[in-house]
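Good morning, and thank you for coming. I shall speak for a few minutes about one protein model, and I ask you to keep the structure in view as I go.

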Amino acid sequence: MDRFRMIFQYFQSNSESVMNGICGLLALASVKMYTSFDFSCPCLPHYNTVYGLGIMFIPPIILFLCGLILNRQSLVMLEEWRRPQGRRKKDPAVIRYLCSSIMQRAMVAPVVWIVVTLLDGKCLICAFSSSMDPEKFVGFANASTAQVQQLLAKVACKDDELMRNSTTRKAVSRYLRCCSQALGWSILLILIIAAFLARWLQPCFNQAALLQARHWSNYIDIEQKIFEETCCEHSRLFAHKCILHFFESMRQEIKLHSFSLPREEEGAEEEKDLLRGITDQDQVNKLLKTWYCEKPPLDVSQAAQRHPLVPERCPLPWADSPSTHSKFPQHTNV
C-alpha cells in the first residue's frame, strides 16, 4: 500500500510527466483503434466522401477533446484566465504558455491518427474515388456518366463482383493510395522539421521570459494542489467537530446503549487551531469566495499582514510590555 502511495505522490508532484504519459497513451490508443477498426466503405456516390472524411477527422476531434479533458492544466489555465483581478495581477505570458503547452499535448493523438490514416490510404480512396477524372484511366470509354459514377464509387470495394478483377479499379486505387501516402509523409516531415526548429531555435529567443512563464505556470498548478489539500484537511477536521457535536447532543441516548462517548474537551484547543478559526459554513463559503476573487499577491513579505477574512487573534501576553516595544521595534509597510 505504501508503494502505491509513493507512486501516486510521485505522479501527483510531477504533473508534466503525467501529462506526457497520457499523451503517449492516447497516441498509442489512436493507432490501436485504427488497426482494430473494420473500415467498410459504403461504395455509394453520395456517401463515400462523407464516410471517408468522417473517419479521417471525427476521431481526431474526439481524441483532441479527450486530451483537453484529461489534462489537469486546462482547468488551471481556464481558472487563471477567468478569475477576477483581485489583489494579484494576471500575467498574459503565463496564460499563453499554459495554453501552448495544453494544445501541444492535446494535438499529439489527433495528428497520429491523421498520419496513420493517410499512410494507410483507405480513407482517401473511399472519399475521393468518385471525384476522379475518368478520362485519365482506361476502361470508362464505353460507359455512361451514371455508370462511371457507380464504377468510381466502387473502387474501394475489392469484393464487389464488377470490380474484383478490374485493372481500372486497381489503377485508381493505386493512384489515390500514392497521393494519400505522399500527403501523410509530407505532413510527418513538416511536423518533424517544425519540432526540430522549435527545439534548436528556442535559445535564440528571450530565455528569461520563457523561464518566468514556465516557473509561474508550475507555481499556479502547485498552489492549486496545496489549496485543495488544505481544504480537504480542513473538511476532515470540520466533519470531525460536527460529528462530536452530534454525539454530544445524543449523549443520553448513547449512554443508554452503553457506548463510550469521546470527550469533546480532549484536543479541542488543538483542533480549533488546526481549523484556523474557520468554524462555520458561512466562514468556509466566504473563504472559498475570497480565494477565487482575491487571491493573495505573490509577495511572501506580506504574509504577516492580516487578511480581511481572518479574525483578530488575542494579543500575546507580552504584547503590551513597554520593554518589548523598545527591544523589538514595529515594522511599517510602505
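This is a predicted model: local features need pLDDT of at least 70, side-chain atom pairs count only at pLDDT 80 or more; totals for chains, interfaces and linings use all residues.

Let me begin with the interior. In soluble globular proteins, nonpolar side chains tend to be buried together. Here, the largest nonpolar core has 15 residues. Phe39, Cys41, Met56 and Cys123 are those with the most contacts inside this core. Which helices each supply at least two of its residues? They are helix 2 (15-36), helix 3 (48-70), helix 6 and helix 7. Met56 deserves a moment of attention. Leaving aside residues up to four places away in sequence, Met56 touches Trp113, Ile114, Thr117, Leu118, Cys123 and Leu124. There is also a second, separate core of nine residues, and Phe137, Val148, Leu152 and Val172 are among them.

Val172 brings us to helix 9, where it is one of the buried residues.

I turn now to the aromatic rings. A pair of aromatic rings is described by the distance of the centres and the angle of the planes. The model has four aromatic pairs. One of them joins Phe196 and Trp200, with 6.0 Å centre to centre and 45° between the planes, a tilted arrangement. These two residues are four apart in helix 9, so about one helical turn separates them. Are they buried or exposed? Phe196 has a relative accessibility of 49% and therefore counts as partly exposed, whereas Trp200, at 60%, is exposed.

Another pair, Trp216 with Tyr219, is edge-to-face, at 5.4 Å centre to centre and 80° between the planes. Both residues lie in helix 10 (residues 207-249), three residues apart, about one turn of the helix. An α-helix has 3.6 residues a turn, so residues three or four places apart point the same way. Trp216 is partly exposed at 31%, and Tyr219 is partly exposed at 29%.

Finally, please look at Trp81: Arg82 lies over the face of its ring, 5.8 Å from the ring centre. Thank you for your attention.

Technical notes: Residues are numbered from 1 along each chain as its sequence is written. Side-chain values use heavy atoms; hydrogens and water are left out. Buried means under 20% relative accessible area, exposed over 50%, partly exposed in between (1.4 Å probe, protein chains only). Rings of Phe, Tyr and Trp (its six-membered ring) pair if their centres lie within 6.5 Å; planes under 30 degrees apart count as stacked, over 60 as edge-to-face and the rest as tilted. A charge sits over a ring if NZ of Lys or CZ of Arg is within 6 Å of the ring centre and within 35 degrees of the ring normal. A nonpolar core is a set of buried Ala, Val, Leu, Ile, Met, Phe, Trp, Tyr and Cys residues joined through side-chain atoms within 4.5 Å. Contact means heavy atoms within 4.5 Å.
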